[in-house]
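Hi there,

Here is the structure I promised to pass on to you. Have a look at it, and then read on for what turned up.

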Amino acid sequence: MSINSINHDDMANMASKWGFMDEADFQRSEGKGIKSAEARRRIEILRDIRDSGLSIEEARDLGLLD
C-alpha cells in the first residue's frame, strides 16, 4: 500500500474518534511504566544490600532504604 492510496477522509474520521478514554488508557499505561521502573530500582538496591552482607535494619539506619 502506498501513501498515495490512503483515503484521507477515512484518516480524518479516525482521528476524530480519538476519545478521552483512549487518552486515559494511554496515561494509565504510562504510569505503570514508571512504577515498574521504581520497582526494578528497589529490587536492585535490595540485591546490593544482600550482597554487601547488611541487614535491612542496618541499611535503613545508614539511609540506604526509606
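**What was found**

The secondary structure comes to three helices and zero strands, so please read the order from the N terminus as α-α-α. Please keep in mind that this is a predicted model.

On confidence, the protein averages a pLDDT of 76, and 61% of the residues score at least 70. Among the elements, helix α3 (residues 56-61) has the highest mean pLDDT, at 90, while the lowest, 68, belongs to helix α1 (residues 8-16). Where pLDDT is low, the predicted coordinates should not be read in detail.

Of the 66 residues in the protein, 8% count as buried.

How many salt bridges does the structure hold? There is one, and the side chains that meet in it are those of R50 and D51, at 4.0 Å from N to O.

If you open the model, the R50 and D51 pair and helix α3 are the places I would be glad to talk over with you.

Best wishes

Notes
Residues numbered from 1 in each chain as written. Predicted model: local features only at pLDDT ≥ 70, side-chain atom pairs only at ≥ 80, totals over all residues. Heavy atoms only, no water. Helix = DSSP H or I, 4+ residues; strand = E, 2+ residues; numbered from the N terminus. Buried < 20%, exposed > 50% of the residue type's maximum accessible area, 1.4 Å probe, protein only. pLDDT = per-residue confidence, 0-100.
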